[in-house]
Amino acid sequence: MSRPFPRAVLFDLDGTLLDSAPDMLAAINTMRADRGGEPMLLAELRPHVSKGARAMVQAAFPDIDEATREGWIPVFLDRYRSELGRHCGPFEGVEAMLASLEAAGSVWGIVTNKPESLAAPLLPMLGWQDRCKVLIGGDSLPARKPDPLPLRVAAERIGVDPSQCIYVGDDERDIVAARAAGMPSVVALWGYRLSEDDPFAWQGDVLVDQPADLCNAMAWPHCND
């Protein structure tokens, strides 16, 4: 007996739906150039992207003291805003996955720790502004992932009980937030991870290699009735 697609799916953004590392790299490399440094390689920055701005600045400037790096966070965000959407794109298979969900009548949205002011402009660039039914950024609410609040609020806004909504993310914080919110979870193995990260230890409900795998309804975790 075939399983239906989930009623609703919430996604992390960077490293899950969007390969945003090239935009981040462009921003980082303008900062390194200002300080006479060589460009950083994409492979060097990619593993840090899902950890946020501080992790990326630390990876780019490991020899700078923490207090100084902290002062550079607004600079990085400003540079990133200038590069927003210029080099990035959905991961291969994401559009097919989203189309499969939509064809099945599922609704989907985004819950990200990226500031909402940086996430929202990407939707029209990607053609998602009418397809994404809810967007919550890291500064949209008093708490952000791994706190479950953003996931619970997103489910409420699309009118679905958390137990009927699946969360997909590439970072341990995503899976922790989903578990606390009472949502089944999918670990996106195609995303950004440090070499020491062990996604099997996160205890997500399913682990998926590629977005295209989620074009099959059977690949999704089961939701409680």
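Analyst: Asp-14 is buried, because its relative accessible area is 8%, where buried means under 20% relative accessible area, exposed over 50% and partly exposed in between, with a 1.4 Å probe and protein chains only. The model is predicted, so local features need pLDDT of at least 70 and side-chain atom pairs count only at pLDDT 80 or more, while totals for chains, interfaces and linings use all residues. Residues are numbered from 1 along each chain as its sequence is written, and side-chain values use heavy atoms, with hydrogens and water left out.

Asp-14 lies in the loop between β1 and β2, strands being DSSP runs of E of at least two residues and helices runs of H or I of at least four, numbered from the N terminus. Leaving aside neighbours within four places in sequence, Asp-14 is in contact with Ser-20, Met-24, Val-49, Ser-50, Lys-114, Asp-170 and Tyr-192, contact meaning heavy atoms within 4.5 Å. With the side chain of Ser-20, the side chain of Asp-14 makes a polar contact of 2.7 Å; a polar contact is a pair of N or O atoms within 3.5 Å, of which, within protein, one must be able to donate a hydrogen and the other to accept it, and residues adjacent in sequence count only if both atoms are side-chain atoms.

According to the unreviewed UniProt entry, the annotation "binding site" covers Asp-12, Asp-14 and Asp-170; UniProt positions are given in the numbering used here, feature names are shortened, and annotations may be inferred rather than shown by experiment. These residues are spread over 159 residues of sequence, yet they cluster in space, with a largest C-alpha distance of 8.5 Å. From this set, Asp-12 and Asp-14 belong to the lining of the largest pocket, a pocket being an open set of points, on a 1 Å grid over the protein atoms alone, with protein on both sides within 12 Å along at least five of seven lines, and lining residues having an atom within 4 Å of a point.

Asp-12 is also found in the loop between β1 (8-11) and β2 (18-19), and it counts as buried because its relative accessibility is 6%. Its side chain makes a polar contact of 3.1 Å with the side chain of Thr-16. Beyond four places in sequence, the contacts of Asp-12 include Lys-145, Asp-170 and Asp-174. The peptide bond from Lys-145 to Pro-146 is cis, with omega near 15°, and Pro-146 is placed in the loop between β5 and α8. Most peptide bonds are trans.

Helix α8 (residues 149-157) has as its buried residues Pro-150, Leu-151, Val-153, Ala-154 and Ala-155, and what covers them includes β1, β4 (107-111), β5 (132-136), β6 (165-169) and α9 (172-181).

How values were computed: On a 1 Å grid over the protein atoms alone, a cavity is a set of points where a 1.4 Å probe fits but cannot get out, and a pocket is an open set with protein on both sides within 12 Å along at least five of seven lines; lining residues have an atom within 4 Å of a point.
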